[in-house]
Every structure is written in C-alpha cells, then in structure tokens.
Amino acid sequence: MELKAFYGLQEKDITNKKMPQKMSMLCYNKTVKRKVGKQMKKSMKEQIQAIFKNKKVIAGLVAGVVVLGTGGYVLSQPASKPASAPKVEQGTSSSSVDKEAELMKKAEKAVKLLEDNQVKENVSPAETAVKGLKAGDSKDKLTKRIDAVKANMAKKEAEAKLAKDAEAAVAKLEAEQVDGNIQPAQTATDKVVDKTTKGKLQHRINLVKDAIAARAAQAAAQAQAQAQAQAEEEARAAAEAQAVQQAQVQEQPAYQAPAQTTGGDYTPPAQALAQQPQQKLTQDQIQQQVDDAAANFNNGTYDY
C-alpha cells in the first residue's frame, strides 16, 4: 500500500501484468528528477555568485523551474525582457536630456540675438524659445534677460518720443520766430536725455533767440532815429517861423506925429524918438538862429 502511494500506482496497476515495468520506469523518472533539480539549483547559485562577483547591475532575474511529471525534464528560463527594461529606460532618459539641451541651445541663441539687436521683431522668438524649456534656474535667467531687454527698449522708446516732441517745438520756433514760441521749445528740449541731440536743439534755440533780439534792437534803433528826425524837423520849423516873425517886425515904418489942427495954445505931444532902423539879417544869420533854436529845443530850453 505504501509502495502504491509512493509511486503513484492505482489499484488496477497492481494486478496488471505490466506492473513491474511501470514501477521500474517510475523509479527511473524519480531519480532523474532529483538529479536534475540538484544540478539546476547548483547552476543557478553559481550564476548569481558570478554576477555579484563581477559587480554587474542586476536589472531583474526570473528563474522558473518546470518539472514535468512523466516526462521528467526541467526548464529553466531567465527573464530576458525585464533584464533589458533598464536599458530602454536609460535610452529614453538620455533622449530626453538631449532634447532639453537642444531646446536650451536654441533659447540661448534667440535671447543673445535679442540682446544684440534690440527690436520688437526679436522679442517674440526669444520668449517662445524660453517658454518651451523646463522650469529651473536656466529658464529663470533667460527670462530675466528678456525682461531687461524689454525694459531698455521701453526706455529708449520714451526717450525717442521726448526727442521727437522737442524737434517739433524747435521747428515751430524757427518757422515762427516770436517770443511766445521760445519757452515751449526750451521746455521740450530740457526733457531730452541724449546729450548730443539736446545740445543741437539748444543751439538752434539760441540762434533764433539771438535773431529775435537783433530784430528787436534794430526796430528800437529805427524808432529812435525816426523820433529824433521828427524832433529836429519840428525845431527847424519853429526856428524858421521865429526868424520870419522878427523880420516882419524890423520892416514896420517909424512913428510920425499927426498934423496940428487947433489954435496957438495947443501943445503937440512930444515926438517919440525915432527908432533906429534894424539891420536886415543875412541868410547865414537866419540859418544860425534856426540851428540855435533847434539845439535849445533838443535840450528842453526852447519855449514857443
């Protein structure tokens, strides 16, 4: 009974004539199974020790031992696919790193182009290139460089507008050279940042101011000359009138007493002394009086 249980025999096999042959086969199979199992275990142990001895990285080891009942063989198969999995992951990681490095290189090139040529057309490509990078210090640094360029561009744009406004104000002053246009042009020029541009605008303002001042001085001189000429003409006319009046007085006849018309007791009034005839003035003397009168008039001493 125990023999039957050990060898896996059934009741019908015991009474069968072929039982000795079956028992012999079963014993042989059992022996083969034990020997193969021991050799497989020893082989697996030696392989594992060799792997650790060579300090190789073990990605995975799958060992399966399949023992077939009546066939009596054992299959041992290492898991090749799991072992190659780390290599696939390593290749994927390497590819990702290479891609990120390429994106970083393109972003650096775009930002450098923007810094060298600070125009609006270069802002968008640089921002797009940096936006595609992974978050980190490198991306933050490139973003700050872009922001610095944009701030500088905005500053220059504001300065250019101030210079444009000043140019317009100075041009108006040059076209309409009046005192009312001087202050607006000067105020706009004072706001200009670029020293060279500011100096040129100031020079143009100074030229216009000098021209306005010269015209004002010339107009004042002309007015003064006209006033002096008019005063001299008036003095000459007054002197001539006075000379004519004096000539008329000198030409009046001497006084004569009326004839006696009454008796012997009448005493006529005493005869006035005859005035001495005045000598007639020459033309030179008249001209001298006119000049003296004009001089007195300019000095404020002439009374007429």
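1. Let's start with E167. In this predicted model, E167 is partly exposed, at a relative accessible area of 35%. Its salt-bridge partner is R204, with the closest N and O atoms 3.0 Å apart. The pair links distant parts of the chain, since R204 sits in helix α8 and E167 in helix α6, 37 residues apart. R204 is partly exposed too, with a relative accessible area of 22%.

2. A second bridge worth a look on screen is R145 with E108, where the closest N and O atoms are 3.1 Å apart. R145 belongs to helix α6 (residues 137-175) and E108 to helix α4, so this pair ties together parts that are 37 residues apart in sequence. R145 comes out partly exposed at a relative accessible area of 25%, and E108 is partly exposed at 33%.

3. Then there is K150 with E127, whose closest N and O atoms are 3.0 Å apart. Here K150 is in helix α6 and E127 in helix α5, 23 residues apart, so again distant parts of the chain are linked. K150 has a relative accessibility of 36%, which makes it partly exposed; E127, at 34%, also counts as partly exposed. The whole structure holds seven salt bridges.

4. At its start, a side-chain oxygen of D194 comes to within 3.4 Å of the backbone nitrogen of T196. The buried residues in α8 are L201, I205, V208, I212, A235, A238, A239 and A243.

5. Is T189 buried or exposed? T189 is buried, because its relative accessible area is 0%. The residue lies in helix α7 (residues 182-190), and its side chain reaches the backbone oxygen of A185 at 2.8 Å. Apart from neighbours within four places in sequence, T189 touches A166, V170, K198, L201, Q202 and I205. Of these contacts, L201 and I205 are among the buried residues of α8.

6. N122 is a loop residue, found between α4 (80-116) and α5 (123-131). With a relative accessible area of 14%, N122 counts as buried. Beyond its neighbours within four places in sequence, N122 is in contact with L113, L114 and N117.

7. Now the overall picture. The protein chain has nine helices and two strands, in the order α-α-α-β-β-α-α-α-α-α-α from the N terminus. Of its 304 residues, 16% count as buried. The accessible surface is about 23,800 Å², with 55% of it belonging to carbon and sulfur atoms. Among contacts between residues at least 6 apart in sequence, 52% join residues at least 24 apart.

8. Finally, confidence. The mean pLDDT of the chain is 74, and 56% of residues reach 70 or more. Over residues 54-86 the pLDDT is below 50, and this stretch has 33 contacts in the model beyond near neighbours in sequence. Residues 1-7 also stay under 50, with nine contacts beyond four places in sequence. Where pLDDT is low, the predicted coordinates should not be read in detail.

Terms used: Residues numbered from 1 in each chain as written. Predicted model: local features only at pLDDT ≥ 70, side-chain atom pairs only at ≥ 80, totals over all residues. Heavy atoms only, no water. pLDDT = per-residue confidence, 0-100. Contact = heavy atoms within 4.5 Å. Helix = DSSP H or I, 4+ residues; strand = E, 2+ residues; numbered from the N terminus. Buried < 20%, exposed > 50% of the residue type's maximum accessible area, 1.4 Å probe, protein only. Areas by Shrake-Rupley, 256 points an atom, 1.4 Å probe, with all protein chains shown as cover. Polar contact = N/O pair within 3.5 Å; in protein donor to acceptor, adjacent residues only side chain to side chain. Salt bridge = Lys/Arg side-chain N within 4 Å of Asp/Glu carboxyl O.
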